[in-house]
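Here is a short briefing to read alongside the sequence and the structure.

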Amino acid sequence: MSEALPHPEEARSPAIAVEAHAAVAPAPMMRVRHLWHRFGNRDVLRDVTFDVGAGEIFGFIGPNGAGKTTTIRVMATLLEPMAGRVEIDGIDVTIDPEAVRKMIGYMPDHAGVYDRITVREYLEFFADAFQVPAMSVVDAVLELTDLGKLQDRLVAEMSKGMKQRLQLARILLHDPKVLILDEPASDLDPRARIEIRDLLLELRGLGKTIFLSSHILTELSDVCTSIAILERGRLVVAGPINEIAARLEAMRAAQAYGHAQPPPGYAHPHAPHAAAGHAAQGHPQHPQHPQVAPPQPAVRRVKLRVLGNPEMAAYLLRGGPGIMDVSVVGGVVHVGYTGPETKIAEMINHLVHRNVGIVGVEPERNELERIFLEVTRGEVQ
Ligand SMILES: Nc1ncnc2c1ncn2[C@@H]1O[C@H](COP(=O)(O)OP(=O)(O)O)[C@@H](O)[C@H]1O
Ligand SMILES: [Mg+2]
C-alpha cells in the first residue's frame, strides 16, 4: 500500500511517538492502525495504533486485562477486529491471512504441548504439518534452541522453561520473519527467563522481528528496543525506549516552566485532545508525522542518605557541575543530575571530602520502570 498519502483516519489520529519515528525509519514490519474491539458492550481495544520496525524486539506491556492478547490474536489472524487494521510486512491480516500465517510464528499464552512424545517427534510432527523438509530443519531448530541434548526426552519430563523453549522451536520451523509471543516469560523461573532472553537476542541477530507481550514490566523488557504500553485498551505511549525517555524528560522540563502541553509525539490517553490538538497545530501539512522534540539531556536521579544534617549536604551539592536540582525529602537528599553514573561517584567524593558521611546511595529505578510509572495510572479493566 502507498506510503505517500496518509490514511484518512491517520490524519486525525492523536500523535503518537512511534509515528514520529516512522518518519525517518524504513517501512515498519508491523503496522497496527486504529484497532477497536468490543466484547459484549465493553470496548477492549480503543483506537490502538503503533508500528514495529523490522529487526526490533518490541515489548507490548500492560496489566492483565489491558487488551494485549486481543491485539495479538488480531495480529496472528485469529480474531477479526471490529475496526482498524493490522499489516505484517505490508500484508493486511484480514485480507490475506494465509500469506500472513506463513510469515509469522505465533506462540499463544498458556500453550499446551503434547506430553507423551519426545522432543524430536514433537518437532517432526509440526514440521510435517507445516510441510517443511523435516530432518534438516528439525536439526537446525534443535541446535538453535539448544534442545539437541534433549531430543529424545519425553516432553512430559521437561521443565516449564524447556517446554517454553520447545514452543519457540516449534514456531521457528517454517522460518518466519516475525515472531509474535504472548507472555513468553510468565511462569518461568529467573534462569529460564534469562535463557529465553538470550535466545531472543540470538533470533534478533538472525534478522527476526520479535513482538512480545508482558504484564510484568521488567520481565524481558531489558532486551526490548522499543515498547508500547497499553492500559484499559488504549495505547499510552509507544516507540524506542530512549526516545520515550527523552520525550518524557522534555515534557517534565516544559511543565517545570509552566507549559502544561505535552511535547509533540506524546499522547496520553487521559488527555487525548490536548495531544492531538498540539500535533495538528504544529504540523497542519503532516499530522501523521509530528515533530520529534529536540533531544534533551536526560536527568537521572539518585537518593543519598547522609550522616548529620542533610540540608548541609544539599547545600554542598547545589550548583555543582551537572547537578540540576537538589532537595531534601524526609531526611534524604534527592539529586537530579545529567551525565554518566560517574557523576554519583563525584558527588560522593565531594561530600566525603567535606566530612559528610554517606550511609546510603540509591539510584533511580530502571528507565523502563520510571517510564511506566509516569505514563500509566495503574488502571485496570
Ligand atoms: N472472548 C472473550 N469474551 C469476552 N471478554 C473477553 C474475551 N477475551 C478477552 N476478554 C476481555 O477483554 C479484556 C482484555 O483481555 P486480554 O486481551 O486477554 O487482556 P491481556 O492479554 O492484556 O490480559 C479483559 O477484560 C478480558 O476479560
Ligand atoms: Mg493476555
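**Nonpolar cores**

The largest nonpolar core has 68 residues, and I180 and F211 touch the most other members. Helix α7 (residues 160-172) gives the most to this core: six residues. The model is predicted.

- F211 touches M30, V52, F58, F60, V178, L179 and I180, leaving out residues up to four places away in sequence.

- Strand β9 (residues 226-231) and strand β10 run antiparallel, joined by six bridges.
- I229 has V237 in β10 as its bridge partner.
- Two residues lie between β9 and β10 in this hairpin.
- R232 sits in the turn and has a positive phi of about 50°.
- Strand β10 (residues 234-240) is mostly covered, with six of its seven residues buried.
- In a regular strand, side chains alternate between the two faces of the sheet.

**Around ligand 1**

- Which residues come nearest to ligand 1? They are F39, A66, K68, T69 and T70, out of 11 residues around the ligand.
- Helix α3 (residues 68-75) supplies the largest share of this shell, with three residues.
- By class, the shell around ligand 1 holds seven polar, three nonpolar and one charged residues.

Definitions and conventions
Residues numbered from 1 in each chain as written. Chains lettered and ligands numbered in written order. Predicted model: local features only at pLDDT ≥ 70, side-chain atom pairs only at ≥ 80, totals over all residues. Near = placed C-beta within 6 Å. Helix = DSSP H or I, 4+ residues; strand = E, 2+ residues; numbered from the N terminus. Nonpolar A, V, L, I, M, F, W, Y, C, P; charged D, E, K, R; others polar. Core = buried A, V, L, I, M, F, W, Y, C linked by C-beta atoms within 7 Å. Buried ≥ 20, exposed ≤ 12 C-beta atoms within 10 Å, placed from the backbone. Contact = placed C-beta atoms within 7 Å. Pairing = 2+ DSSP bridges.
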